[in-house]
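Below is a set of questions and answers on one protein chain. Please look at the sequence and the structure first.

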Amino acid sequence: MEAIEFIPAYYYTTVYYTTLLVICWFTVLYYIGAGSQRILHAEGSPVQTAAFILTLLIFFFLGLRQASTEFGDCWLYAYDYTTGIFHYHGVSIGEEWFWGAISDFCRKLGFNVNEYFLFIEFFYIGGMFTCSLILMRKNLWIAMLFFFTAFQTFTFGTNGIRNGMACSIELVAIALVIEEGPKRTFGFFLMFLAMGIHRSTMLPTAAAITSIYWIKDTKLALRFWISAIFISLVAGTQLTQFFASLGFDDRMDQYSYEATSEYFSGTGFRWDFWLYSVFPIIMIWYVTQYRRFTDLSYTIISNVYLLCNAFWLIVIRSSFSNRFAYLSWFIYPVVMAFPLLRMNLWKDQDRKTALILFFYSGFTFFMFFIYYFGTGNGYRGLDLYWWRD
């Protein structure tokens with residue numbers, strides 16, 4: 001298969017975000033005037049089929065992108081694949097062996113770079129859809145909109161694809177380990193495979209195990225998250241260097257520069273990322289503490305997010321700390337959408353869910369506008385973006 005050429009790589013991000021924003025806000029308009037709870041009972045409606053079609057379109061759109069420097073490390077993954085740098089050397093807990101096995105498998109099948117990216121995207125997008133099927137089957141359309149309009153989805157589907165693929169497999173694993181019996185066993189096996197793709201997923205894996213067997217109340221996890229803010233402010237730099245020395249992720253060592261580093265931008269305590277991370281915390285507190293809903297599945301999901309995000313807060317001064325934030329952000333859409341689609345929170349659930357989706361997707365578009373339309377020297381402007389030479 002060939003890459004999509006009729007959309008220039010420079011405009012790919014714009015097409016993705018604006019198209020999804022239009023779809024999302026039309027959905028908001030559909031539900032905003034309702035004072036009912038149809039959103040909780042859409043399992044047999046046409047929106048389920050529409051959700052599958054939209055997922056399929058996003059899968060091909062992201063998977064068949066060009067191997068361009070416009071997509072960050074995309075070109076580097078293409079180079080590594082064609083030159084055969086990654087190889088399978090046997091199962092090893094300390095190495096990302098499964099990523100090498102996947103690359104070898106695709107080469108043996110004769111996949112070109114575009115088909116290789118499409119194969120990875122199958123697990124990335126497919127993991128989101130499978131997780132939604134398991135946890136939020138009643139309204140797949142809304143669930144997938146929460147996934148696709150998340151701030152991090154496009155970036156980790158086109159740039160940090162190895163991290164994205166691993167975390168999507170982790171999503172399915174978390175959805176399975178919530179249950180007991182064979183599903184939990186298979187979920188732990190998927191977590192092992194995820195660590196074989198990107199070993200940083202040992203953090204959500206450890207958080208899931210902790211949430212299942214030890215921390216069974218969100219109150220303790222919430223307190224730990226709040227404590228992490230103060231720990232980060234007081235001793236964040238020293239702890240970042242300590243975790244880097246443990247070999248948790250070899251990328252930590254290269255990203256753990258001082259906040260004064262001239263090579264990287266956006267170091268120090270990222271208040272913008274922190275603000276983005278707060279909204280699921282508010283949802284968790286509202287559902288579990290204020291409204292006192294007791295859903296074991298949501299408790300585990302919430303604790304995984306809280307524990308992983310608390311770790312990121314501690315190492316927030318690392319350059320490119322969004323890569324560590326993603327270890328909690330990948331479950332962000334589930335934390336937000338699960339109670340809206342599974343719990344009877346309000347009498348006008350449709351209207352309130354529509355409002356939350358509106359601000360949720362609006363924040364993502366706002367961040368896209370800031371990061372892609374601005375430069376280090378100031379605002380670039382719409383005219384230079386749309387009519388670039």
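Q: Are helices H2 and H6 roughly parallel or roughly antiparallel to each other?
A: This is a predicted model. The axes of H2 (residues 47-63) and H6 (residues 140-148) come within 8 Å and cross at roughly 25 degrees. Angles under 35 degrees count as roughly parallel and those over 145 as roughly antiparallel. H2 and H6 are therefore roughly parallel.

Q: How do the residues of the contact of H2 with H6 divide into nonpolar, polar and charged?
A: From H2 the contact takes in Val47, Gln48, Ala50, Ala51, Leu54, Thr55 and Ile58, and from H6 it takes in Leu140, Trp141, Met144, Leu145 and Phe148. The contact of H2 with H6 divides into 10 nonpolar, 2 polar and no charged residues.

Q: Which residues does leucine 135 touch, not counting residues up to four places away in sequence?
A: Not counting residues up to four places away in sequence, leucine 135 touches Ala175, Ile178, Ile301, Val334, Phe338 and Arg342.

Q: Is leucine 341 buried or exposed?
A: Leucine 341 is found in helix H16 (residues 332-342). Not counting residues up to four places away in sequence, leucine 341 touches Ile39, Leu40, Met136, Lys138, Asn139, Ile142 and Ala143. Buried means under 20% relative accessible area. The relative accessibility of leucine 341 is 1%, so this residue counts as buried.

Q: How many residues of helix H8 are buried?
A: H8 (residues 161-177) has 17 residues and reaches 24 Å from its first C-alpha to its last, close to the 24 Å expected at 1.5 Å a residue. H8 is mostly covered, and its buried residues number 17 of 17.

Q: What percentage of the residues of the protein chain count as buried?
A: The secondary structure of the protein chain comes to 18 helices and 2 strands. Of the 389 residues of the chain, the share that count as buried is 57%.

Terms used
Residues numbered from 1 in each chain as written. Predicted model: local features only at pLDDT ≥ 70, side-chain atom pairs only at ≥ 80, totals over all residues. Heavy atoms only, no water. Contact = heavy atoms within 4.5 Å. Axes fitted to C-alpha atoms, helices over the stretch in contact; angles between N-to-C directions. Helix = DSSP H or I, 4+ residues; strand = E, 2+ residues; numbered from the N terminus. Parallel < 35°, antiparallel > 145°, perpendicular 65-115°, else oblique. Nonpolar A, V, L, I, M, F, W, Y, C, P; charged D, E, K, R; others polar. Expected span 1.5 Å × (residues − 1). Buried < 20%, exposed > 50% of the residue type's maximum accessible area, 1.4 Å probe, protein only.
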